[in-house]
Amino acid sequence: MAQKSAELAKVPSSSAEREAAVDVKTFSNGPRGTATSSWSPASWTAKPIKQDVIYDDGQALSQALAKLERLPPVVTPTEICRLKRSLRDVALGKAFLLQGGDCAELFEYCESNMIESKIKLLLQMSLVLIYGAHKPVVRIARMAGQFAKPRSSPTEQYHGKTIPAFRGDNVNGYDPADRTPDASRLVSAYFHSATTLNYIRASLGSGIADLHSPLDWELGHVKDEKIKLKYERIVDSITESLRFMKTVGADSAASSLETVDLYTSHEGLLLEYEQSLTRRLKAPMHDTAARLEADDDGKQWYNTSAHFLWIGDRTRQLDGAHVEYFRGIANPIGIKVGASMAAPELVSLLNIVNPNKEIGKITLITRYGEDKIDSLLAGHIRAVQQSGHIVIWQCDPMHGNTRNTKQGVKTRHFSSILSEVSSALRIHKEEGSFLGGVHLELTGEAVTECVGGSEGLKDEDLNTNYTSYCDPRLNEKQALELAFLVAGFYRNR
C-alpha cells in the first residue's frame, strides 16, 4: 500500500472519517459483508490497491480532501434510490438501460453546448429504443464526474524522456509539462461535476426532454438521409399518439411526457475522492426498500459523487481496495467483466459486493471483444444464473474492440462494435437470459474517432476531427445507428 494511503487512514481529520472511526460497522447481514466483516469508508486503505495516484505534496492532498468532505453532496439518497428502483425493473426485464458519454471528461467539457449535445443524443437514442423495445429506458450518462482513467502504464515516453501518463483532468494535465499529479484538481473535479449536473437538471426542468417536441433535439451532425428518415418516422408516430391523447384528454396530467430522469455515473477509480464524498445519510422516508436495507438508525453509506459508479476491469481484485470500498456503499454499482474474468471469480465477486442478492444492485458490464464474446459470455451467464444473483447484463462493445492504425492512432471499427452487440443479444437469448442494456463511449459532437458506419469513415479520415485524449468515441450518427440496431432486434424477435 502506498505510504500516502496509510497516512490518510491514521488521521480522522474530517467529519466523515470521525464518524467512520466510531462507527466501523459490523454488518449482521453481510458486507456490506459477512457477520465478521467490518466496513467503513476508509477500510479500503488496509487493502492492496491498483491504479493508485502518488502525490508529492501530502499536505496539499490532505487539504483538498478536507475541503471535499465539507462540501455538500453532488447527488442525494432520494435520487440514488429512485435509480435503484428503476434498475430493479431493468434486471427483471421490464426496462432497458442506456449508459453513455465520454471516455474521459475534460474540465473544458463543462460548457452548455457540449452538455446539451450529449443530453440530446441520449434522448434521441432512448426514443429509438423505447419505440423498438416497447420498454421504458433508464438513462445514465458518463458525465459529471467521469474524469479519471486507468492506464496500462503509469508512465510514457515523450521525446526520449519518461514522464507520468495522463490520468485524467482530476489528476494531471494532458500537456507533457503538466503531468505531476495535483491534489487541487480533485476539488476542481467536484465543482465541474456539480456544475455539469446542475445544468443537466436545469435543462431537464426547462423542457429539453419534452416529448411534445422531439424534433427540437435535432439531428445535429447527422447527414445520412436514411437515418434521418428512420428517426423522423418514429417522431411522426409518437406525435400522432400524443395528438390522440390530447384529443381524448389523456395527456392533461402526463408530466412524464415533459421530462425524464437522467442519472450520472463514473468509474470509482480515485478512492480518496470517493471516500471524501461518502456520507452516512438517512434513507428516504417514502422508499420502503431503502428503509428496510438501512441500519437501525435509518441510515446508509451513500457515495454522493454520482448516482452510479463502476469498478473497472483493472481494479476488480477480490482482495483489493476497490472491491473493499464498493462493497459498503448503498449505490447501485457496475462491474466491468473482461476476457480475463473466470466464471468462479465473477460469482465470488458478486457474493462480496452483493451478499444479500439485491435485485438490480449490480450491473455486469461485459467487454470481451467481437472475437471473444462467443467463447466467454455464455459461461458467465450460466455461472451467474446458478449463483442465484439477479443482475443487469450490459454490453460494452467499445473497450474490447480497440486497435491502433498503422500511424499509431487509436480507433474502433463500427462493424466490430455492432458485431459484439449483436452477439450479446443472440447469446443471451440462447441462454434464456436477456441483454439489459448497452454501455457506450459517445459524444454529440461530429468527431471522427471510430471508423466505419454508414458514412464509411476510414483510417485516413480520423485526423479530420479526432479530439479525444483517451479512447475513441462514437459520434452522433454512429450512436443512432447502434440504437436502431438494438431497437430492430426487439421489434423483429
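**Entry 1. Second largest pocket**

I began with the lining of the second largest pocket, whose residues divide into four nonpolar, seven polar and 13 charged. For these classes I counted Ala, Val, Leu, Ile, Met, Phe, Trp, Tyr, Cys and Pro as nonpolar, Asp, Glu, Lys and Arg as charged, and the others, Gly among them, as polar. The model is a predicted one, in which local features need pLDDT of at least 70 and side-chain atom pairs count only at pLDDT 80 or more, while totals for chains, interfaces and linings use all residues. Residues are numbered from 1 along each chain as its sequence is written, and side-chain values use heavy atoms, with hydrogens and water left out.

I noted a volume of about 450 Å³ for the second largest pocket. Its lining comprises 24 residues, and the closest to its centre are Pro 150, Arg 151, Arg 314, Lys 410 and Asp 471. Strands β5 and β15 (410-412) each supply at least two residues of this lining. A pocket here is an open set of points, on a 1 Å grid over the protein atoms alone, with protein on both sides within 12 Å along at least five of seven lines; a cavity is a set where a 1.4 Å probe fits but cannot get out; lining residues have an atom within 4 Å of a point. Grid points are joined across faces, edges and corners, and a volume is the space filled by probe spheres set on the points.

**Entry 2. Cavities**

I found three cavities of 30 Å³ or more. The largest cavity holds about 80 Å³ of space. Of its 13 lining residues, Gly 145, Asn 170, His 266, Tyr 273 and Glu 274 are the closest to its centre. I recorded α6 (184-205), β7 (262-267) and α8 (271-276) as each supplying at least two residues of that lining. The lining of the largest cavity divides into six nonpolar, five polar and two charged residues.

For the second largest cavity I noted a volume of about 50 Å³. Cys 103, Ala 104, Leu 106, Tyr 109, Ser 468, Tyr 469, Cys 470 and Arg 473 line the second largest cavity. They divide into six nonpolar, one polar and one charged.

**Entry 3. Chain totals**

The protein chain has 14 helices and 16 strands, where helices (H or I, at least four residues) and strands (E, at least two) are DSSP runs, numbered from the N terminus. Of its 493 residues, 57% are buried. Buried means under 20% relative accessible area, exposed over 50%, and partly exposed in between (1.4 Å probe, protein chains only). Among contacts (heavy atoms within 4.5 Å) with a separation of 6 or more, 75% join residues 24 or more positions apart.

**Entry 4. Nonpolar cores**

I took a nonpolar core as a set of buried Ala, Val, Leu, Ile, Met, Phe, Trp, Tyr and Cys residues joined through side-chain atoms within 4.5 Å. The largest such core has 110 residues, and Met 125, Ile 335, Leu 364 and Leu 474 have the most contacts inside it. Helix α5 (residues 112-133) gives the largest share of this core, ten residues. Another core, of 13 residues, lies apart from it and includes Leu 83, Tyr 263, Phe 308 and Ile 392.

I then looked up Leu 474. Leaving aside neighbours within four places in sequence, its contacts include Met 398, Phe 414, Ile 417 and Leu 482.

**Entry 5. Strand β3**

Strand β3 (residues 96-101) is largely enclosed by the rest of the structure, because six of its six residues are buried. Phe 96, Leu 98 and Gly 100 point one way from β3, and Leu 97, Gln 99 and Gly 101 the other way. In a regular strand the side chains alternate between the two faces of the sheet. Strand β3 pairs with β4 (residues 137-142) in the parallel sense over six bridges; I counted two strands as paired if DSSP finds at least two bridges between them. The bridge partner of Gln 99 in β4 is Ile 140.

**Entry 6. Positive phi values**

Most residues other than glycine have a negative phi. I noted a phi near 55° for His 134, which lies in the loop between α5 and β4. His 134 is exposed, at 64% relative accessibility. His 159 has a positive phi of about 50° and is found in the loop between β5 (155-158) and β6 (161-164). At 71% relative accessibility, His 159 is exposed.

Ser 387 belongs to helix α12 (residues 373-387) and is buried, at 15% relative accessibility. Not counting residues up to four places away in sequence, Ser 387 touches Val 347 and Lys 357.

Glu 293 is in helix α9 (residues 288-293) and is partly exposed, with a relative accessible area of 24%. I recorded 8.8 Å between the C-alpha atoms of Glu 293 and Ala 330, which are 37 residues apart along the chain.
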